[in-house]
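Subject: Structure handover

Hello,

Here is the structure I promised to pass on. Please open it first, then read my notes below.

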Amino acid sequence: MASKAAAAAMSPKVNALLDFLSVIQQETFMQRRPLRVLLVSQDRSFLRRTAEFLSACRIAAYVVADAEQAEWALASREPDIVVVDTAMPKAWSVLQSPRRERHTTQAYVYAIAITDDDSPDRVFEALAGGADDIIPRPLRFTELLVRVRSAARSLEVESRLYRRVGRRSTSGLGNSGVLLRLLREDLRDAATTGNEVSVALFDIDYALRFGADSGFDRIVEQVTSTISGEMLPTYRMCQPSVDQLAVLLPNSTSDEAYQWAEEVRQKIASTEFQHADTTLKLTVSGGVAASADSGPIAEEMWENVQERLDFAKNSGGNFVASLRQLQNEDAAGGSHGRLFDGTTTSDVLRPAFVHLSTTTPADEVIAAFAKHDLDVAPVLDAQRQFAGAITRDVVQNRAVRSRELTAAELVDPNFPQMDSNASFSELVNFFAEHPTPCVAIVDHGKPLGFVSRDDLALLSEPLDSSSYAESIDDIPTTEFYVVSRPQLLEVGAEA
């Protein structure tokens, strides 16, 4: 095959065509990125757990704790989907935000509303308020994942964001390498004096909303100046990344460093900053680590302060986290540490909205499976307790050939079941020890739904960005549909 140089020698038009195709290939490669989801809720525990779940599914999750921060995040993070807890004050202002229409390269940001009520009036109110989809409480992780995937396929945008290129700081502050060198020096001195060494790491919340312009450097300069005004003469500052500032606090305990970092956070939140011709407010998230709780190794101490900063950011921002906050979270049964801590089978089940009675005739069983596209359905006995389940295979292989049968003769009375309060680890161990493809989840004898092996695999299956990234094919844009939860239907219920 002729090389590009040979083709260019044959014809300038061929060379131009090859250059054009090269650009197209580069743009296509750059558009393959994780789906971005913005979570908006005043429940910080909900933010952390849901963000961890989405991250485990290889979806980029960003969290905010109030409507004002949501406006910033919509401008800076440019998410593909925003999930809004309508119990939060000013939630409807987020759904109706003009920022959703100002996405750089796609039509707008898809909105999913979490509501306490999925009645027709509530659904209509949410749709009229700007939502594209509704998820009623209690929120199930598997249901959220299905809705997010549906939204991603519905977006089918014409082009996507390019990767942001980091810019070299003009502040003159040391980078992360300088920070580690200084920290090692402080730790060596502390080993001699017996004093503690602390580090405070600050991240400017939603700094990327300023874009790649000179105004960004000006914002960093103003924040740097504000923090410097609060520093003691022995403190030293570095800039490990474009929107982060670190301060070394020698001879400071963890509590002293936390108190100082909290005062800095409050100072920044109450200060007015200038961006171009606009006066605005900023917030920062912070993490604090000390040699007493991290050990004498600089790299471990640096990892700890980054972990605590991430904790603060994942709690909604404008927050300072130290070891104490992490310990309080663990003591309260939070999910920090292990991903699915606190998760039960009821969190991941697929709800069963069609219940069969033991007296249901085979014809009605067949009709119910066909009408509702069921793979499995629970069967209730005369006391309305779980009597087992009927699978699609049984319907196809037995019910169709023996229509005189009833559900009582088709049901598997030994169908595996687990309690709704069983932990996620118990669920995983159950599938590891039993070959069954599916298990029923029950609460005091009443069936709630099912969890299959495929459901567990879905939790870790990466979302293929080609399902929502730009396509060169002429595929018509999919209409947006509201996916609401159907009402519980009992087929052949006994009087």
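Predicted model: local features only at pLDDT ≥ 70, side-chain atom pairs only at ≥ 80, totals over all residues.

Start with a pair of strands. Strand S7 (residues 236-241) and strand S8 (residues 244-250) run antiparallel, joined by 4 bridges. The link between S7 and S8 is a hairpin of 2 residues.

**The chain as a whole**

The chain has 495 residues, and buried residues make up 48% of them. Its secondary structure comes to 19 helices and 20 strands. Take the contacts between residues at least 6 apart in sequence: 68% of these join residues at least 24 apart.

**The open sheet**

Next, look at an open sheet of 4 strands. Its order is S13-S19-S18-S17, and the pairing is mixed. Which strands stand at the edges? They are S13 (350-351) and S17 (417-419). Each has a single partner strand, so one side of each is left without a neighbour in the sheet.

S17 pairs with strand S18 (residues 438-443) in the parallel sense, over 3 bridges. Within S18, Val442 stands opposite Asp419.

A helix goes with this sheet. Helix H18 (residues 424-433) lies across S17, S18 and strand S19 (446-452). H18 runs at about 140° to S18.

The loop between S18 and S19 holds His444. His444 is not a glycine, yet its phi is positive, at about 55°. Is His444 buried or exposed? His444 is exposed, because its relative accessible area is 71% and the cut-off for exposed is over 50%.

**The cores**

In soluble globular proteins, nonpolar side chains tend to be buried together. Here, the largest nonpolar core has 41 residues. Which residues have the most contacts inside it? They are Val37, Ile81 and Val451. Helix H7 gives the most to this core, with 6 residues. A second, separate core has 26 residues, including Ile204, Leu245, Val284 and Val320.

Val451 deserves a look of its own. Not counting residues up to four places away in sequence, Val451 touches Thr345, Val348, Leu349, Leu427, Phe431, Cys438, Val439, Ile441 and Leu456. Cys438, one of those partners, is buried, with a relative accessible area of 11%.

**Cysteines**

How many disulfides does the structure hold? It holds 0. Cys57 counts as buried because its relative accessibility is 1%, and buried means under 20%.

Asp203 is found in strand S6 (residues 197-204). Its relative accessible area is 4%, so Asp203 is buried. What is Asp203 in contact with, leaving aside its neighbours within four places in sequence? The list is Asp243, Gln244, Thr283, Val284, Ser285, Leu309 and Lys313. Val284 from that list is also included in the second core.

Ser154 is found in helix H7. At 8% relative accessibility, Ser154 counts as buried. The C-alpha atoms of Ser154 and Tyr110 are separated by 9.0 Å. Along the chain, Ser154 and Tyr110 are 44 residues apart.

**Backbone details**

Arg137 and Pro138 are joined by a cis peptide bond, with omega at about 0°. Where is Pro138? It lies in the loop between strand S5 (133-136) and helix H7 (141-155).

Asp373 also has a positive phi, near 50°, and Asp373 is a residue other than glycine. Asp373 lies in the loop between helix H15 (362-372) and strand S15 (376-380). Its relative accessibility is 57%, so Asp373 counts as exposed.

**Where to look first**

Go to Val451 for the largest nonpolar core. Go to His444 for the loop between S18 and S19. Go to Pro138 for the cis peptide bond with Arg137.

Best wishes

Terms used:
Residues numbered from 1 in each chain as written. Heavy atoms only, no water. Disulfide = S-S within 2.5 Å. Buried < 20%, exposed > 50% of the residue type's maximum accessible area, 1.4 Å probe, protein only. Pairing = 2+ DSSP bridges. Contact = heavy atoms within 4.5 Å. Axes fitted to C-alpha atoms, helices over the stretch in contact; angles between N-to-C directions. Core = buried A, V, L, I, M, F, W, Y, C linked by side-chain atoms within 4.5 Å.
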